[in-house]
Amino acid sequence: MPRKKATTKKNLKKAEKKPTEVKKRRAKQFQTVRGMRDILPQDQPYWQRIRRAIDKIANDYNYQRIDTPVVEFRELFERSTGSSTDIVEKEMFKFKTRGGDDVCLRPEGTPAVVRSYIQHGMQSYPKPVKLFYTGSMYRYDRPQEGRYREFFQFGFEAIGEQDAILDTQLIQLSLRVFKILGLKNISLQLNSIGCKECRPNYNKLLVSYFNNRKKSLCMDCKKRLKKNPLRILDCKEEKCTQVVHQAPQTIDHLCDECKDHFTMLLESLDEIEVPYTLNPKLVRGLDYYTKTVFEFWPKEEEDGAQSSLGGGGRYDYLSKILGGNQTPGVGFACGMDRLVLEMERQNVKAYYPPMPKVYLAQLGDLAKKKSLKIFEELERSGIMVAESFGRGNLCTQLRQANQLDAGIVLICGQREALDETVILKDMESGSQEVITFNKVVVEVKKRLKKMNKNVIRKMK
RNA sequence: GCGACUAUAGUUCAAUGGUAGAACACUGGUUUGUGGUACCAGCUACGAGGGUUCGAUUCCCUCUAGUCGCCCCA
(Lines give C-alpha, C1' and ligand atoms only; values in the text may rest on other atoms or scores of the structure.)
Protein backbone atom coordinates (compact mmCIF):
# COMPACT_ATOMS: atom_id res chain seq x y z
CA MET A 1 0.00 0.00 0.00
CA PRO A 2 2.51 2.65 0.95
CA ARG A 3 4.46 1.98 -2.20
CA LYS A 4 1.46 2.62 -4.33
CA LYS A 5 0.87 5.81 -2.46
CA ALA A 6 4.42 6.91 -3.05
CA THR A 7 4.31 6.24 -6.73
CA THR A 8 1.05 8.05 -7.19
CA LYS A 9 2.47 11.01 -5.37
CA LYS A 10 5.53 11.01 -7.51
CA ASN A 11 3.45 10.77 -10.63
CA LEU A 12 1.36 13.63 -9.46
CA LYS A 13 4.44 15.68 -8.84
CA LYS A 14 5.75 14.88 -12.27
CA ALA A 15 2.41 15.79 -13.80
CA GLU A 16 2.58 19.18 -12.16
CA LYS A 17 5.42 20.31 -14.32
CA LYS A 18 4.65 23.96 -14.25
CA PRO A 19 6.21 25.13 -11.03
CA THR A 20 4.20 28.31 -10.98
CA GLU A 21 0.96 26.40 -10.62
CA VAL A 22 2.24 24.43 -7.70
CA LYS A 23 3.29 27.60 -6.01
CA LYS A 24 0.00 29.28 -6.61
CA ARG A 25 -1.75 26.53 -4.76
CA ARG A 26 0.58 26.69 -1.82
CA ALA A 27 -0.33 29.46 0.58
CA LYS A 28 2.32 31.98 1.46
CA GLN A 29 4.39 30.94 4.43
CA PHE A 30 4.57 33.80 6.83
CA GLN A 31 7.44 34.36 9.15
CA THR A 32 8.36 36.95 11.69
CA VAL A 33 9.50 40.35 10.50
CA ARG A 34 13.26 40.73 10.53
CA GLY A 35 14.75 41.17 13.96
CA MET A 36 11.54 40.14 15.69
CA ARG A 37 11.02 36.74 17.18
CA ASP A 38 8.62 34.45 18.95
CA ILE A 39 9.40 33.55 22.49
CA LEU A 40 8.28 29.94 22.61
CA PRO A 41 6.89 27.98 25.54
CA GLN A 42 10.20 26.21 26.05
CA ASP A 43 11.97 29.54 26.56
CA GLN A 44 9.32 30.96 28.86
CA PRO A 45 10.71 29.46 32.08
CA TYR A 46 13.64 31.88 31.87
CA TRP A 47 11.41 34.83 31.13
CA GLN A 48 9.06 33.81 33.87
CA ARG A 49 11.89 33.73 36.37
CA ILE A 50 12.89 37.25 35.34
CA ARG A 51 9.35 38.55 35.61
CA ARG A 52 9.01 37.08 39.06
CA ALA A 53 12.29 38.61 40.16
CA ILE A 54 11.23 42.03 38.93
CA ASP A 55 7.87 41.79 40.67
CA LYS A 56 9.53 40.81 43.91
CA ILE A 57 12.09 43.60 43.83
CA ALA A 58 9.52 46.18 42.75
CA ASN A 59 7.40 45.14 45.67
CA ASP A 60 10.29 45.12 48.15
CA TYR A 61 11.55 48.55 47.10
CA ASN A 62 8.07 50.07 46.72
CA TYR A 63 8.09 50.71 43.00
CA GLN A 64 4.73 50.81 41.29
CA ARG A 65 4.05 49.45 37.87
CA ILE A 66 3.38 51.76 34.97
CA ASP A 67 2.55 50.80 31.40
CA THR A 68 2.93 53.32 28.64
CA PRO A 69 1.99 52.96 24.96
CA VAL A 70 4.28 51.37 22.44
CA VAL A 71 3.55 54.25 20.07
CA GLU A 72 4.54 57.79 21.07
CA PHE A 73 5.11 61.09 19.32
CA ARG A 74 8.45 61.12 17.60
CA GLU A 75 9.26 64.45 19.10
CA LEU A 76 9.22 62.98 22.59
CA PHE A 77 12.41 61.05 21.87
CA GLU A 78 13.92 63.63 19.56
CA ARG A 79 13.75 66.18 22.35
CA SER A 80 14.81 63.96 25.24
CA THR A 81 16.97 61.08 24.07
CA GLY A 82 18.51 63.51 21.61
CA SER A 83 18.19 63.92 17.87
CA SER A 84 21.92 63.48 17.30
CA THR A 85 22.04 60.13 19.09
CA ASP A 86 22.18 56.94 17.03
CA ILE A 87 18.99 55.71 18.62
CA VAL A 88 16.96 58.63 17.35
CA GLU A 89 18.94 59.50 14.27
CA LYS A 90 19.00 56.13 12.57
CA GLU A 91 17.32 53.47 14.65
CA MET A 92 13.76 54.61 15.19
CA PHE A 93 10.76 52.90 13.65
CA LYS A 94 8.90 56.03 12.60
CA PHE A 95 5.74 56.54 10.61
CA LYS A 96 2.85 58.89 10.01
CA THR A 97 -0.64 58.01 11.18
CA ARG A 98 -3.66 58.45 8.92
CA GLY A 99 -4.36 61.62 10.78
CA GLY A 100 -0.90 62.92 9.92
CA ASP A 101 0.75 62.57 13.33
CA ASP A 102 4.47 61.88 13.33
CA VAL A 103 4.86 58.93 15.63
CA CYS A 104 7.31 56.14 16.36
CA LEU A 105 7.64 52.86 18.16
CA ARG A 106 9.35 53.62 21.46
CA PRO A 107 13.09 52.99 21.33
CA GLU A 108 13.41 53.17 25.12
CA GLY A 109 11.30 53.65 28.20
CA THR A 110 12.50 56.56 30.31
CA PRO A 111 11.15 59.51 28.26
CA ALA A 112 7.72 57.90 28.14
CA VAL A 113 7.64 57.42 31.89
CA VAL A 114 8.65 61.01 32.50
CA ARG A 115 6.09 62.17 29.93
CA SER A 116 3.44 60.25 31.85
CA TYR A 117 4.68 61.71 35.12
CA ILE A 118 4.15 65.21 33.78
CA GLN A 119 0.92 64.47 31.90
CA HIS A 120 -0.80 63.02 34.95
CA GLY A 121 0.38 65.55 37.47
CA MET A 122 2.54 63.20 39.46
CA GLN A 123 4.45 66.27 40.64
CA SER A 124 1.84 66.38 43.37
CA TYR A 125 2.60 62.84 44.56
CA PRO A 126 4.90 62.35 47.53
CA LYS A 127 8.50 62.32 46.30
CA PRO A 128 10.25 60.38 45.06
CA VAL A 129 7.76 58.84 42.67
CA LYS A 130 8.99 55.31 42.11
CA LEU A 131 7.86 53.61 38.94
CA PHE A 132 8.81 50.46 37.11
CA TYR A 133 7.88 49.01 33.74
CA THR A 134 8.48 46.08 31.48
CA GLY A 135 7.82 46.15 27.80
CA SER A 136 8.96 45.84 24.25
CA MET A 137 11.23 48.46 22.70
CA TYR A 138 12.05 48.90 19.04
CA ARG A 139 15.23 49.85 17.27
CA TYR A 140 15.91 49.44 13.60
CA ASP A 141 19.35 47.95 13.81
CA ARG A 142 21.12 44.99 12.27
CA PRO A 143 20.10 41.93 14.30
CA GLN A 144 22.70 39.67 15.89
CA GLU A 145 23.16 37.74 19.08
CA GLY A 146 21.50 39.61 21.93
CA ARG A 147 20.33 42.37 19.65
CA TYR A 148 16.88 42.40 18.14
CA ARG A 149 14.69 45.00 16.54
CA GLU A 150 12.00 44.18 19.03
CA PHE A 151 13.50 43.59 22.43
CA PHE A 152 12.29 43.64 25.98
CA GLN A 153 13.36 45.88 28.78
CA PHE A 154 12.43 46.39 32.34
CA GLY A 155 13.23 49.64 34.01
CA PHE A 156 13.04 51.40 37.36
CA GLU A 157 12.70 55.17 37.64
CA ALA A 158 12.83 57.29 40.80
CA ILE A 159 11.61 60.79 40.04
CA GLY A 160 11.72 63.87 42.22
CA GLU A 161 14.76 63.40 44.40
CA GLN A 162 18.31 64.49 43.73
CA ASP A 163 20.06 62.88 46.68
CA ALA A 164 22.82 60.51 45.54
CA ILE A 165 21.50 57.95 47.98
CA LEU A 166 18.78 57.21 45.44
CA ASP A 167 21.38 56.46 42.81
CA THR A 168 22.96 54.01 45.21
CA GLN A 169 19.66 52.45 46.09
CA LEU A 170 18.86 52.00 42.43
CA ILE A 171 22.18 50.24 41.89
CA GLN A 172 21.57 48.14 44.97
CA LEU A 173 18.16 47.20 43.62
CA SER A 174 19.55 46.28 40.21
CA LEU A 175 22.18 44.07 41.75
CA ARG A 176 19.46 42.39 43.81
CA VAL A 177 17.66 41.48 40.59
CA PHE A 178 20.82 39.88 39.21
CA LYS A 179 21.39 38.13 42.52
CA ILE A 180 17.87 36.70 42.62
CA LEU A 181 18.31 35.46 39.07
CA GLY A 182 21.43 33.63 40.17
CA LEU A 183 23.74 35.62 37.92
CA LYS A 184 27.34 36.00 38.96
CA ASN A 185 30.30 38.00 37.73
CA ILE A 186 28.57 41.18 36.80
CA SER A 187 30.64 44.30 37.01
CA LEU A 188 29.36 47.75 37.76
CA GLN A 189 30.88 50.44 35.56
CA LEU A 190 30.57 53.91 36.98
CA ASN A 191 31.16 57.49 35.97
CA SER A 192 29.87 60.99 36.48
CA ILE A 193 29.40 63.28 33.52
CA GLY A 194 28.54 66.48 35.34
CA CYS A 195 25.68 68.91 35.06
CA LYS A 196 24.88 72.04 33.08
CA GLU A 197 27.19 74.04 35.37
CA CYS A 198 30.34 72.05 34.79
CA ARG A 199 29.71 70.18 31.55
CA PRO A 200 30.08 73.20 29.20
CA ASN A 201 33.51 73.99 30.63
CA TYR A 202 34.54 70.40 30.37
CA ASN A 203 33.20 70.22 26.83
CA LYS A 204 35.35 73.20 25.86
CA LEU A 205 38.39 71.52 27.30
CA LEU A 206 37.57 68.33 25.49
CA VAL A 207 36.97 70.04 22.16
CA SER A 208 40.24 71.91 22.33
CA TYR A 209 42.04 68.72 23.30
CA PHE A 210 40.61 66.77 20.37
CA ASN A 211 40.91 69.67 17.96
CA ASN A 212 44.65 69.51 18.41
CA ARG A 213 44.54 65.81 17.55
CA LYS A 214 41.86 65.92 14.93
CA LYS A 215 43.94 63.96 12.44
CA SER A 216 44.01 60.93 14.71
CA LEU A 217 40.23 60.70 14.99
CA CYS A 218 37.93 58.49 12.93
CA MET A 219 35.31 59.94 10.60
CA ASP A 220 32.48 59.55 13.06
CA CYS A 221 34.39 61.22 15.83
CA LYS A 222 35.17 64.20 13.64
CA LYS A 223 31.42 64.67 13.41
CA ARG A 224 30.99 64.04 17.12
CA LEU A 225 33.50 66.78 17.82
CA LYS A 226 30.90 69.26 16.65
CA LYS A 227 27.70 67.60 17.73
CA ASN A 228 28.48 65.65 20.88
CA PRO A 229 32.17 65.60 21.87
CA LEU A 230 31.49 63.53 24.97
CA ARG A 231 30.68 60.53 22.78
CA ILE A 232 34.22 60.45 21.40
CA LEU A 233 35.24 59.05 24.77
CA ASP A 234 33.44 55.77 24.21
CA CYS A 235 34.45 55.32 20.56
CA LYS A 236 35.83 51.85 19.94
CA GLU A 237 38.03 52.75 16.97
CA GLU A 238 41.59 51.97 17.84
CA LYS A 239 43.04 55.26 16.73
CA CYS A 240 40.45 57.11 18.78
CA THR A 241 40.97 55.07 21.93
CA GLN A 242 44.62 55.97 21.87
CA VAL A 243 43.83 59.66 21.79
CA VAL A 244 41.08 59.26 24.37
CA HIS A 245 43.52 57.65 26.76
CA GLN A 246 45.19 61.00 27.47
CA ALA A 247 42.03 63.09 27.22
CA PRO A 248 40.78 65.09 30.19
CA GLN A 249 38.39 63.07 32.33
CA THR A 250 34.95 64.21 33.39
CA ILE A 251 35.45 63.46 37.06
CA ASP A 252 38.47 65.77 37.23
CA HIS A 253 36.38 68.70 36.07
CA LEU A 254 33.15 68.40 38.02
CA CYS A 255 31.70 71.39 39.82
CA ASP A 256 31.54 71.23 43.61
CA GLU A 257 27.95 70.08 43.64
CA CYS A 258 28.59 67.23 41.20
CA LYS A 259 31.77 66.29 43.00
CA ASP A 260 29.94 66.05 46.33
CA HIS A 261 27.19 64.07 44.68
CA PHE A 262 29.62 61.61 43.19
CA THR A 263 31.56 61.30 46.44
CA MET A 264 28.35 60.53 48.29
CA LEU A 265 27.55 57.88 45.70
CA LEU A 266 30.92 56.20 46.02
CA GLU A 267 30.91 56.35 49.82
CA SER A 268 27.46 54.85 50.05
CA LEU A 269 28.41 52.09 47.63
CA ASP A 270 31.41 51.34 49.85
CA GLU A 271 29.06 51.26 52.81
CA ILE A 272 26.96 48.49 51.28
CA GLU A 273 30.11 46.82 49.99
CA VAL A 274 29.31 47.04 46.32
CA PRO A 275 32.43 46.84 44.17
CA TYR A 276 32.60 49.14 41.18
CA THR A 277 34.92 50.07 38.35
CA LEU A 278 35.43 53.76 37.71
CA ASN A 279 35.22 54.09 33.97
CA PRO A 280 36.07 57.53 32.62
CA LYS A 281 35.05 56.43 29.13
CA LEU A 282 31.52 55.61 30.13
CA VAL A 283 29.28 58.42 28.88
CA ARG A 284 26.17 56.59 27.58
CA GLY A 285 24.57 57.42 24.31
CA LEU A 286 21.60 59.45 25.47
CA ASP A 287 21.49 63.20 25.77
CA TYR A 288 19.48 63.57 28.94
CA TYR A 289 21.95 62.08 31.38
CA THR A 290 23.57 64.19 34.07
CA LYS A 291 25.91 63.36 36.93
CA THR A 292 25.74 59.61 37.56
CA VAL A 293 25.94 57.12 34.70
CA PHE A 294 26.44 53.39 35.10
CA GLU A 295 26.28 50.12 33.24
CA PHE A 296 26.35 46.45 34.16
CA TRP A 297 28.67 44.24 32.16
CA PRO A 298 29.12 40.49 32.17
CA LYS A 299 32.63 40.16 33.57
CA GLU A 300 34.31 38.22 30.78
CA GLU A 301 33.66 41.13 28.49
CA GLU A 302 35.03 43.76 30.78
CA ASP A 303 37.85 44.68 28.46
CA GLY A 304 35.95 44.20 25.23
CA ALA A 305 32.75 45.69 26.62
CA GLN A 306 30.64 44.52 23.76
CA SER A 307 27.19 44.26 25.20
CA SER A 308 25.91 45.57 28.47
CA LEU A 309 23.10 43.90 30.32
CA GLY A 310 21.68 47.16 31.46
CA GLY A 311 22.47 50.65 32.49
CA GLY A 312 21.14 53.91 33.68
CA GLY A 313 21.86 57.22 35.21
CA ARG A 314 20.58 60.47 36.50
CA TYR A 315 18.46 62.77 34.36
CA ASP A 316 17.93 65.94 36.33
CA TYR A 317 16.74 68.08 33.41
CA LEU A 318 14.59 65.57 31.58
CA SER A 319 11.32 66.73 33.10
CA LYS A 320 12.15 70.34 32.25
CA ILE A 321 13.09 69.40 28.69
CA LEU A 322 9.70 67.74 28.27
CA GLY A 323 7.84 70.79 29.48
CA GLY A 324 7.41 69.90 33.14
CA ASN A 325 8.81 71.43 36.28
CA GLN A 326 12.48 71.18 37.08
CA THR A 327 12.45 67.67 38.59
CA PRO A 328 15.48 65.49 39.14
CA GLY A 329 15.35 61.77 38.53
CA VAL A 330 17.39 58.66 38.26
CA GLY A 331 16.67 55.47 36.40
CA PHE A 332 17.86 52.12 35.25
CA ALA A 333 16.88 49.83 32.38
CA CYS A 334 17.89 46.30 31.62
CA GLY A 335 17.59 44.11 28.55
CA MET A 336 15.57 41.02 29.31
CA ASP A 337 16.67 39.22 26.15
CA ARG A 338 20.26 39.63 27.26
CA LEU A 339 19.46 38.47 30.76
CA VAL A 340 18.02 35.27 29.32
CA LEU A 341 21.14 34.84 27.23
CA GLU A 342 23.37 35.37 30.23
CA MET A 343 21.27 32.99 32.34
CA GLU A 344 21.74 30.33 29.69
CA ARG A 345 25.45 31.02 29.56
CA GLN A 346 25.80 30.74 33.30
CA ASN A 347 23.59 27.67 33.44
CA VAL A 348 21.13 29.28 35.75
CA LYS A 349 18.00 27.32 36.52
CA ALA A 350 14.84 28.53 34.88
CA TYR A 351 11.48 28.74 36.61
CA TYR A 352 9.27 25.73 36.05
CA PRO A 353 5.71 26.07 37.21
CA PRO A 354 4.15 23.22 39.21
CA MET A 355 2.83 20.34 37.12
CA PRO A 356 -0.46 18.57 37.62
CA LYS A 357 -0.25 15.34 39.59
CA VAL A 358 -3.69 14.14 38.50
CA TYR A 359 -4.64 12.94 35.04
CA LEU A 360 -8.21 12.51 33.94
CA ALA A 361 -8.76 9.78 31.35
CA GLN A 362 -12.06 9.10 29.68
CA LEU A 363 -13.65 6.63 27.30
CA GLY A 364 -16.74 7.24 25.26
CA ASP A 365 -19.00 10.23 24.68
CA LEU A 366 -20.99 10.03 27.89
CA ALA A 367 -17.82 9.76 29.95
CA LYS A 368 -16.39 12.76 28.11
CA LYS A 369 -19.31 14.91 29.16
CA LYS A 370 -19.10 13.70 32.74
CA SER A 371 -15.34 14.25 32.77
CA LEU A 372 -15.81 17.88 31.95
CA LYS A 373 -17.78 18.20 35.15
CA ILE A 374 -15.26 16.27 37.23
CA PHE A 375 -12.50 18.43 35.82
CA GLU A 376 -14.26 21.60 36.84
CA GLU A 377 -14.90 20.36 40.33
CA LEU A 378 -11.26 19.46 40.82
CA GLU A 379 -10.10 22.74 39.31
CA ARG A 380 -12.39 24.71 41.62
CA SER A 381 -10.92 22.90 44.60
CA GLY A 382 -7.49 24.07 43.50
CA ILE A 383 -6.32 20.73 42.16
CA MET A 384 -4.37 20.84 38.92
CA VAL A 385 -5.57 18.27 36.43
CA ALA A 386 -4.16 17.18 33.10
CA GLU A 387 -6.34 15.60 30.47
CA SER A 388 -6.61 14.84 26.82
CA PHE A 389 -10.29 14.90 26.04
CA GLY A 390 -9.66 14.60 22.34
CA ARG A 391 -8.39 11.06 22.67
CA GLY A 392 -10.62 8.07 23.07
CA ASN A 393 -8.07 5.40 23.71
CA LEU A 394 -7.11 4.45 27.22
CA CYS A 395 -3.74 3.10 26.27
CA THR A 396 -2.47 6.40 24.90
CA GLN A 397 -4.04 8.35 27.71
CA LEU A 398 -2.20 6.30 30.30
CA ARG A 399 0.97 6.64 28.32
CA GLN A 400 0.57 10.37 28.35
CA ALA A 401 -0.23 10.40 32.06
CA ASN A 402 2.99 8.57 32.56
CA GLN A 403 4.97 11.02 30.46
CA LEU A 404 3.53 13.88 32.48
CA ASP A 405 4.53 12.05 35.64
CA ALA A 406 1.02 12.17 37.08
CA GLY A 407 0.74 10.15 40.28
CA ILE A 408 -2.98 9.65 40.07
CA VAL A 409 -5.14 8.79 37.08
CA LEU A 410 -8.89 9.05 37.23
CA ILE A 411 -10.51 6.79 34.67
CA CYS A 412 -14.08 7.38 33.62
CA GLY A 413 -15.41 4.93 31.06
CA GLN A 414 -18.88 4.11 29.79
CA ARG A 415 -19.61 1.87 32.76
CA GLU A 416 -18.42 4.37 35.34
CA ALA A 417 -20.21 7.25 33.68
CA LEU A 418 -23.51 5.38 34.00
CA ASP A 419 -22.82 4.49 37.65
CA GLU A 420 -21.54 8.00 38.44
CA THR A 421 -18.21 6.59 39.57
CA VAL A 422 -14.57 6.78 38.52
CA ILE A 423 -11.64 4.45 38.84
CA LEU A 424 -8.83 5.98 40.84
CA LYS A 425 -5.53 4.51 39.82
CA ASP A 426 -2.31 4.94 41.75
CA MET A 427 0.35 5.09 39.06
CA GLU A 428 3.23 4.03 41.23
CA SER A 429 1.68 0.89 42.71
CA GLY A 430 -0.77 0.30 39.88
CA SER A 431 -3.55 -0.39 42.36
CA GLN A 432 -6.97 1.05 41.69
CA GLU A 433 -10.31 1.48 43.37
CA VAL A 434 -13.77 2.61 42.37
CA ILE A 435 -15.16 5.75 43.99
CA THR A 436 -18.34 7.74 43.47
CA PHE A 437 -18.36 11.18 41.84
CA ASN A 438 -19.13 13.07 45.04
CA LYS A 439 -16.10 11.62 46.80
CA VAL A 440 -13.59 12.35 44.04
CA VAL A 441 -12.34 15.68 45.35
CA VAL A 442 -11.92 14.49 48.92
CA GLU A 443 -10.22 11.28 47.93
CA VAL A 444 -7.84 12.96 45.47
CA LYS A 445 -6.88 15.54 48.07
CA LYS A 446 -6.13 12.80 50.56
CA ARG A 447 -3.93 10.96 48.09
CA LEU A 448 -2.07 14.11 47.06
CA LYS A 449 -1.27 14.85 50.69
CA LYS A 450 0.12 11.37 51.12
CA MET A 451 2.18 11.71 47.95
CA ASN A 452 3.66 15.01 49.15
CA LYS A 453 4.67 13.43 52.43
CA ASN A 454 6.35 10.60 50.59
CA VAL A 455 8.24 13.03 48.43
CA ILE A 456 9.49 14.89 51.49
CA ARG A 457 10.52 11.61 53.13
CA LYS A 458 12.44 10.61 50.02
CA MET A 459 14.23 13.93 49.95
CA LYS A 460 15.28 13.52 53.58
C1' G B 1 24.64 51.29 7.45
C1' C B 2 29.47 48.04 6.13
C1' G B 3 32.01 43.09 5.93
C1' A B 4 32.30 37.46 6.39
C1' C B 5 29.84 32.80 6.60
C1' U B 6 25.39 29.80 6.27
C1' A B 7 20.30 28.04 4.35
C1' U B 8 17.81 20.23 3.46
C1' A B 9 11.50 17.26 7.62
C1' G B 10 9.04 20.25 13.86
C1' U B 11 14.46 19.72 15.78
C1' U B 12 19.68 17.94 15.07
C1' C B 13 22.35 16.20 11.08
C1' A B 14 23.48 13.23 6.19
C1' A B 15 23.88 12.11 0.84
C1' U B 16 23.64 13.54 -4.35
C1' G B 17 24.67 17.11 -11.64
C1' G B 18 19.57 12.17 -12.73
C1' U B 19 14.37 15.35 -7.32
C1' A B 20 16.68 12.95 -0.94
C1' G B 21 18.11 9.33 4.21
C1' A B 22 18.68 8.80 9.61
C1' A B 23 17.92 9.98 14.74
C1' C B 24 14.77 12.40 18.07
C1' A B 25 9.84 14.50 18.18
C1' C B 26 4.75 14.02 16.62
C1' U B 27 0.12 10.88 15.21
C1' G B 28 -1.95 6.09 15.00
C1' G B 29 -1.58 0.85 15.90
C1' U B 30 0.23 -4.15 18.35
C1' U B 31 -7.77 -8.40 19.29
C1' U B 32 -11.51 -0.94 19.86
C1' G B 33 -11.05 -0.75 29.02
C1' U B 34 -5.13 -0.20 31.56
C1' G B 35 1.02 3.20 31.50
C1' G B 36 6.61 3.19 31.65
C1' U B 37 10.06 -0.93 27.66
C1' A B 38 9.62 -2.99 22.81
C1' C B 39 7.82 -3.51 17.77
C1' C B 40 5.06 -1.71 13.29
C1' A B 41 3.12 2.14 10.37
C1' G B 42 2.16 7.23 9.11
C1' C B 43 3.41 12.54 8.79
C1' U B 44 6.40 16.18 7.19
C1' A B 45 12.09 19.15 3.88
C1' C B 46 15.98 20.81 -0.62
C1' G B 47 14.40 29.48 1.69
C1' A B 48 12.59 32.62 -3.02
C1' G B 49 13.65 34.06 -8.06
C1' G B 50 16.74 33.90 -12.30
C1' G B 51 20.84 31.62 -15.21
C1' U B 52 24.28 27.41 -17.06
C1' U B 53 22.67 22.26 -18.43
C1' C B 54 19.23 17.20 -21.94
C1' G B 55 18.43 17.50 -16.62
C1' A B 56 20.06 21.60 -10.73
C1' U B 57 18.73 20.35 -4.03
C1' U B 58 23.93 20.14 -5.90
C1' C B 59 27.43 24.94 -10.22
C1' C B 60 26.82 30.64 -10.99
C1' C B 61 24.04 35.37 -9.95
C1' U B 62 20.23 38.23 -7.30
C1' C B 63 16.97 38.56 -3.26
C1' U B 64 15.32 37.09 1.56
C1' A B 65 16.44 35.29 6.25
C1' G B 66 19.83 33.59 10.00
C1' U B 67 24.69 33.59 12.49
C1' C B 68 29.17 36.24 13.52
C1' G B 69 32.33 40.74 13.39
C1' C B 70 32.20 46.43 12.83
C1' C B 71 28.98 50.22 14.53
C1' C B 72 25.50 51.02 18.30
C1' C B 73 23.40 49.84 22.49
C1' A B 74 19.55 46.64 25.88
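Q: How is the packing of helix α3 on α13 described, and what is the angle between them?
A: Two packed helices are described by the angle between their axes and the distance between the axes. In this predicted model, α3 (residues 44–60) packs on α13 at about 115°, and their axes are 10 Å apart. Axes here are lines fitted to C-alpha atoms, for helices over the stretch in contact, with angles from 0 to 180 degrees between N-to-C directions. Helices (H or I, at least four residues) and strands (E, at least two) are DSSP runs numbered from the N terminus. On conventions: residues are numbered from 1 along each chain as its sequence is written, and chains are lettered from A and ligands numbered from 1 in the order in which they are written. The model is predicted, so local features need pLDDT of at least 70 and side-chain atom pairs count only at pLDDT 80 or more, while totals for chains, interfaces and linings use all residues.

Q: Is the crossing of α3 and α13 left-handed or right-handed?
A: A crossing is left-handed if the near helix is turned anticlockwise from the far one by less than a right angle, and right-handed if clockwise. The crossing of α3 and α13 is right-handed.

Q: Which residues of α3 and α13 meet?
A: Two residues are in contact if their C-beta atoms, placed from the backbone, lie within 7 Å. On the α3 side Y46, W47 and I50 take part, and they meet M336, L339, V340 and M343 of α13. By class, this contact has seven nonpolar, no polar and no charged residues. Ala, Val, Leu, Ile, Met, Phe, Trp, Tyr, Cys and Pro count as nonpolar, Asp, Glu, Lys and Arg as charged, and the others, Gly among them, as polar.

Q: Which residues of α13 are buried?
A: A residue is buried if 20 or more other C-beta atoms lie within 10 Å of its own, exposed if 12 or fewer, and partly exposed in between, with C-beta atoms placed from the backbone. In α13 the buried residues are M336, R338, L339, V340, E342 and M343. They pack against α3, β6, β9 and β11. Just after α13, N347 has a positive phi of about 60°.

Q: Is E271 buried or exposed?
A: E271 lies in helix α11 (residues 256–271). It counts as exposed because it has 9 C-beta neighbours inside 10 Å. The C-alpha atom of E271 is 64 Å from that of C412, which is 141 residues away along the chain.

Q: In what order do the eight strands of the open sheet lie?
A: Strands of a sheet pair through backbone hydrogen bonds, either parallel or antiparallel. Two strands count as paired if DSSP finds at least two bridges between them. The eight strands run in the order β1-β5-β6-β11-β10-β9-β7-β8, with mixed pairing. Its edge strands, β1 (64–65) and β8 (277–278), each pair on one side only.

Q: How does β11 pair with β6 and β10?
A: β6 and β11 are antiparallel, with seven bridges, and Q153 stands opposite G335 in β11. β10 and β11 are also antiparallel, with five bridges; there G310 stands opposite C334 in β11. Six of the seven residues of β11 are buried, so this strand is largely enclosed by the rest of the structure.

Q: Which strands does helix α6 lie across?
A: Helix α6 (residues 110–119) lies across β5 (129–138), β6 (150–159) and β11 (329–335), at about 45° to β6. Helix α13 (residues 336–345) also packs on the sheet, where it touches β6, β9 and β11 and makes about 50° with the direction of β11.

Q: What is the order of the five strands in the open sheet that contains β12?
A: The order is β13-β12-β14-β15-β16, again with mixed pairing. β13 (385–387) and β16 (432–436) are the edge strands, each pairing on one side only. Three bridges join β12 (residues 358–362) to β13 in parallel, and Y359 has A386 as its bridge partner in β13. Helix α14 (residues 365–380) packs on this sheet, touching β12, β13, β14 (408–412) and β15 (421–426), at about 165° to β12.

Q: Which residues touch the most other members of the largest nonpolar core?
A: In soluble globular proteins, nonpolar side chains tend to be buried together. A nonpolar core is a set of buried Ala, Val, Leu, Ile, Met, Phe, Trp, Tyr and Cys residues joined through C-beta atoms within 7 Å. The largest has 63 residues, of which I50, V113, L131, F132, L170 and L339 touch the most other members. A second, separate core of 22 residues includes L378, A406, C412 and V422.
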